[in-house]
Structure formats: structure tokens, C-alpha cells
Amino acid sequence: MADNGSSVPRRQLGRMLRKSREEAGIALEAAAEDLEWSRAKMYRLEGGAVATRTHDVALMCQLYGTTDELTKAMVGLARESKSKGWWHAYGDVLPDWFSLYVGMEDAATRIREYEPALVPGLLQTPAYATAVLSSRPGATAEQVQQAVNLRIERQKILARRRPLPPVLELILDEAVLRRRADMMPEQLAHLLTCAALPRVSLRVLPLATGPHHACLAGAFSILEFAAQRGNIPEPTTIYSESLTGALYLDKPGEVATYDEAWRSLTDLALTEEESAALIDDIKEGFDA
């Protein structure tokens, strides 16, 4: 039977299962023997090649001694891996401290991101991130600080040595840069610093641009992956966040649609040099 489920949750589940086994100090062959499975099955499950039964995940978690919270998260991923499309509702299937996207972002070799409303998380200053995260209804100061800390931790991938940082290509709407707020001069200066990094490309979509193909998409990220240890690379994945969850898409037709939207944005955006000059001009306007 063809597997029509999304590969995103099963790939993440495979990574989590492998990490749990390794942290438990159990070799793959030993785990296969204890579970009375073949090595081939273990490789397929940990590689995310097939959907995993919730019963099998529970057995593996019991063998590895994972916490109840982590077990619940992985069982939830196993259940969702059979869905034709996957919505990740925060705090519903997975615990608050875990984010699927963070793991994918860390593993990606190229990230393309379009943002019409906010500075992307990887380039936010602590002050900007605090303002954004504090806008969530009911968010406590402690929750906001934890979320800011996670965001700053994520940004370390841009300066890491091994593996190489991902190639980060960003297109921001000019309106993002012109929002009047006290932290914006610092944020704009930080954008210029990040734009100078060798593996970062930052371009601005000018306000003069009329309606365009990506308008209907809203903010989105396209994550690409390289082959690891000779394995087939994970498929390119689209990530789009909303107020209640996030959509992960990896079917070829879906990726092609967003690729086309990205190409339309690159045709309309300013060059990197023009974008940097505009950001500097806007910053000077704030400082004046």
C-alpha cells in the first residue's frame, strides 16, 4: 500500500528514537534483538523511511527509559505520521518545550524565508523578540523570557563552525522595517550586521511593489537538506506558521508551488546592496 502520509513527522520521530536509544547507551543491534525486530526494520524506523505504529513506539520508549512526556510526544508523532497533511498544534500533541521546526532548522543546509510582517526569528534582537512574544495573550514574563532564550539559542546556527551554517536567504517586506517602535534602530543595525555574514542574503521587497504571487501565501520558509552518511537526503519542506499551529508540506507539487512563489519574489525584490542601503536610510530616519 502506498504511504500517503507526510514524511515530516516520521523523519523527526526517527531522529528522536535514534537519539533516545543512543542516550540510553543501547546499540542498534541490541535494541533490535530485545524488540525481536530485524536490523533493517530498525534502520527504516530511525531513518524515517516508513510510518511507525504507536504500539512500536511505546515499546521502544519503554526499552530506552524515556520520560512520560517524551513518550507522549513520540507517540503523537507516530499517530500524525499517517496523516496526509500535518498540522502541528502547539501544546496539543507535543510538549511546550519541543518544537519540530527547531530540529529541522538545525539540520537544514539552505533556508529561504519570506516575511511580510515581522523580522525573522533568526535575525531578531532580544528586545525585538521580547516585544513580539509579549504580544501573545496571557503570556507570562517567565514564558516570554524562555521563548526569547530559545530564539537566541537558535541564532547560534549562523555562527557555528561545524557543520557549516545553513545558507540563509531572506526576503522582507519594506513595511517590516518601517514599524515605529523604540527597539527598531537597534534591530535595523543588527539586520545590517547579519546581512554582512558570508552565508546570509537579505533582500527587501519595496513598498512600491503591487499585488504579487506570494501575497496569498503569507510568511513561509523553504528548508532544504543534504544527504547524511550516504543516505538519501530528506525532502525539501515548506513551513508556514499560524496563530494555532504550523503547516509542514513536503509533497513535490506543494514544494514546486512555493518555489514558484519564491522566484516571483526574487524578481521583485531589491538587490542585496540596494536592500542594505535602504535599511541604512530607514535606520538614519529613526535616529534623526
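These notes go through some helices and loops of a predicted model.

1. Helices α2 and α4. Helix α2 covers residues 28-35 and helix α4 covers residues 54-64. Their axes come within 11 Å and cross at roughly 120°. The crossing of α2 and α4 is right-handed.

2. Residues in that contact. From α2, the contact is made by Ala31, Asp34 and Leu35. From α4, the residues are Leu59, Met60, Leu63 and Tyr64. By type, the residues of this contact divide into six nonpolar, no polar and one charged. When checking this in the viewer, note that Tyr counts as nonpolar here and Asp as charged.

3. The buried face of α4. Which residues of α4 are buried? They are Asp56, Val57, Met60, Cys61 and Tyr64. Seen down the axis of α4, these buried residues fall within an arc of 135°, so they line one face of the helix.

4. After α4. The helix is followed by Gly65, which has a positive phi, near 70°.

5. Ser20 in α1. Helix α1 spans residues 7-23, and Ser20 lies in it. Is Ser20 buried or exposed? Its relative accessibility is 7%, and since buried means under 20%, Ser20 counts as buried. Leaving aside neighbours within four places in sequence, Ser20 is in contact with Tyr64, Thr66, Leu70 and Met74.

6. Glu36. This residue is in the loop between α2 and α3, the latter being residues 39-46. Phi of Glu36 is positive, near 60°, and the residue is not a glycine. For background, most residues other than glycine have a negative phi. Glu36 has 72% relative accessibility and counts as exposed, because the cut-off for exposed is over 50%.

7. Arg162 and Pro163 are joined by a cis peptide bond, with omega about -15°. For background, most peptide bonds are trans. Where is Pro163? Its place is in the loop between α8 (141-154) and β3 (167-173).

Conventions
Residues are numbered from 1 along each chain as its sequence is written. This is a predicted model: local features need pLDDT of at least 70, side-chain atom pairs count only at pLDDT 80 or more; totals for chains, interfaces and linings use all residues. Side-chain values use heavy atoms; hydrogens and water are left out. Axes are lines fitted to C-alpha atoms, for helices over the stretch in contact, and angles run from 0 to 180 degrees between N-to-C directions. Helices (H or I, at least four residues) and strands (E, at least two) are DSSP runs, numbered from the N terminus. A crossing is left-handed if the near helix is turned anticlockwise from the far one by less than a right angle, and right-handed if clockwise. Contact means heavy atoms within 4.5 Å. Buried means under 20% relative accessible area, exposed over 50%, partly exposed in between (1.4 Å probe, protein chains only). The arc is that of the directions from the helix axis to the C-beta atoms.
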